[in-house]
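Open the model in your viewer and keep the selection panel at hand.

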Amino acid sequence: MLVTRRAEILIKADPKQIWDFVNDPAQWMASNPEEHFGTEFFTPDKKVATGGRFYQRESVAGVRADMKGHFLHVDRPRSVSWTGVAEYRLLAGLLRFRVPQSGVVKLETRADGVMASHEMFIDFPDNWLGKLIARYLTKSRNVERRLYEHGQKELVYFKTQIERL
């Protein structure tokens with residue numbers, strides 16, 4: 001089962017200014033402190049780079065996860081595509097399961113500013129456990145709405161901080 005959500009916001013700033021601000025693991029941590037517990041980029045300059053690896057500890061829909069991934073393609077200052085595998089823990093860690101995730105972050109220049117968007121994908125495995133977990137998370141935890149809220153909260157933070165500069 002594939003869950004997709006797109007968060008977006010208009011930011012009145014230059015794309016390079018937005019890129020430089022967002023391209024910092026500390027800013028990702030600050031964008032959603034209730035759900036981000038650690039972010040690291042494993043690249044020479046600790047910035048987003050094609051082929052670079054990353055690690056993120058976070059919570060989505062109230063379920064904690066550790067995600068390891070890499071940046072598939074980086075087109076500075078326009079887009080980043082990423083992929084990873086998140087290990088989620090339910091029942092105080094007694095039940096652990098891995099789920100592929102990915103996303104595309106875009107900065108699209110418009111006459112009235114820059115449309116910043118983050119399209120997020122969670123691909124629950126097509127087996128009995130994947131189906132059971134997907135059903136639980138969509139019905140009991142409303143993962144679709146909460147995934148959108150998670151991404152939108154990050155973008156609102158970036159907009160607020162950048163437009164203050």
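A salt bridge here is a side-chain nitrogen of Lys or Arg within 4 Å of a carboxyl oxygen of Asp or Glu. The model is predicted, so local features need pLDDT of at least 70 and side-chain atom pairs count only at pLDDT 80 or more, while totals for chains, interfaces and linings use all residues. Residues are numbered from 1 along each chain as its sequence is written, and side-chain values use heavy atoms, with hydrogens and water left out.

**Stop 1: salt bridges**

Searching the whole structure gives 14 salt bridges. Select Glu 8 and Arg 6 to begin: they form one, with the closest N and O atoms 3.0 Å apart. Glu 8 is partly exposed at 36%, and Arg 6 is partly exposed at 34%.

Next select Asp 66 and Arg 57, whose side chains meet in a salt bridge at 3.8 Å, N to O. Asp 66 has a relative accessible area of 21% and is partly exposed; Arg 57, at 34%, is partly exposed too.

Then go to helix α4 and pick Glu 149 and Arg 145, which lie four residues apart, about one turn of the helix. Helices (H or I, at least four residues) and strands (E, at least two) are DSSP runs numbered from the N terminus. The closest N and O atoms of the salt bridge between Glu 149 and Arg 145 are 2.8 Å apart. Glu 149 is partly exposed at 36%, as is Arg 145 at 41%. To see a network, select Arg 6, Glu 8, Glu 108 and Glu 119, which are joined by salt bridges that share partners.

**Stop 2: the largest cavity**

A cavity is a set of points, on a 1 Å grid over the protein atoms alone, where a 1.4 Å probe fits but cannot get out; lining residues have an atom within 4 Å of a point. Points are joined across faces, edges and corners, and a volume is the space filled by probe spheres set on them. How many cavities of 30 Å³ or more are there? The count is two.

The largest has a volume of about 520 Å³. Select Trp 28, Trp 82, Val 105, His 118 and Glu 154, the closest to its centre of the 34 lining residues. Elements that each supply at least two residues of this lining include α1 (15-22), β6 (95-110) and α4 (143-164). Strand β7 gives the most, six residues. The lining has 21 nonpolar residues (Ala, Val, Leu, Ile, Met, Phe, Trp, Tyr, Cys and Pro), four charged (Asp, Glu, Lys and Arg) and nine polar (the others, Gly among them).

**Stop 3: the second largest cavity**

This one holds about 40 Å³ of space. Select its lining: Val 60, Ala 61, Tyr 88, Ile 122, Phe 124, Leu 137 and Val 143. Seven lining residues are nonpolar, none polar and none charged.

**Stop 4: the nonpolar core**

A nonpolar core is a set of buried Ala, Val, Leu, Ile, Met, Phe, Trp, Tyr and Cys residues joined through side-chain atoms within 4.5 Å. The largest has 43 residues, and those with the most contacts inside it are Ile 18, Phe 71, Tyr 88, Ile 122, Phe 124 and Phe 158. Helix α4 contributes the largest share of this core, six residues.

Finish on Phe 124. Setting aside neighbours within four places in sequence, Phe 124 is in contact (heavy atoms within 4.5 Å) with Met 1, Val 3, Val 99, Gly 130, Ile 133, Ala 134 and Leu 137.

Technical notes
1 Å grid on protein atoms, 1.4 Å probe; cavity = no way out; pocket = protein on both sides within 12 Å on 5 of 7 lines; lining within 4 Å. Buried < 20%, exposed > 50% of the residue type's maximum accessible area, 1.4 Å probe, protein only.
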